[in-house]
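Thanks for coming. I will keep this short, so please have a look at the model first.

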Amino acid sequence: MFVLKANVGKIDQVIRIVLGLILISLFFLLDGILKYIGIIGLVLVLTSFIKFCPLYTLFGINTKKEKN
């Protein structure tokens with residue numbers, strides 16, 4: 001079974017939720033093709049809740065502080 005190791009920290013998580021909600025609201029406020037930028041907000045909110053970002057893994061980034 002594949003286990004996702006958390007790599008999104010608390011501050012990063014809050015930022016993702018706030019930006020995600022702002023982008024999701026654009027889906028309802030904008031017209032035309034620009035409104036679909038709001039879908040990116042769904043990705044940000046989802047990655048904040050699962051505490052894992054695949055792009056962070058690709059670039060070797062980890063904002064989660066490890067407990068010793």
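What radius of gyration does the chain have, and what would a compact globule of 68 residues have? The chain has 14 Å, while a compact globule of 68 residues would have a value near 11 Å. Please keep in mind that this is a predicted model.

Now the secondary structure. The chain has three helices and zero strands. Reading from the N terminus on, the order of elements is α-α-α.

On to contacts and surface. Take the contacts in the chain between residues at least 6 apart in sequence: 72% of these join residues at least 24 apart. As for burial, 24% of the 68 residues count as buried. The chain exposes about 5,500 Å², and carbon and sulfur atoms supply 75% of that area.

Where is glutamine 13 placed? Glutamine 13 sits in helix H1, which covers residues 10-29. Is glutamine 13 buried or exposed? The relative accessible area of glutamine 13 is 12%. The cut-off for buried is under 20%, so glutamine 13 counts as buried. Which residues is glutamine 13 in contact with, leaving aside its neighbours within four places in sequence? They are Val8, Ser48 and Lys51.

To recap: the chain has three helices and zero strands, 24% of its residues count as buried, and glutamine 13 in helix H1 is buried.

Notes
Residues numbered from 1 in each chain as written. Predicted model: local features only at pLDDT ≥ 70, side-chain atom pairs only at ≥ 80, totals over all residues. Heavy atoms only, no water. Helix = DSSP H or I, 4+ residues; strand = E, 2+ residues; numbered from the N terminus. Rg over C-alpha atoms; globule rule 2.2 N^0.38 Å. Buried < 20%, exposed > 50% of the residue type's maximum accessible area, 1.4 Å probe, protein only. Contact = heavy atoms within 4.5 Å. Areas by Shrake-Rupley, 256 points an atom, 1.4 Å probe, with all protein chains shown as cover.
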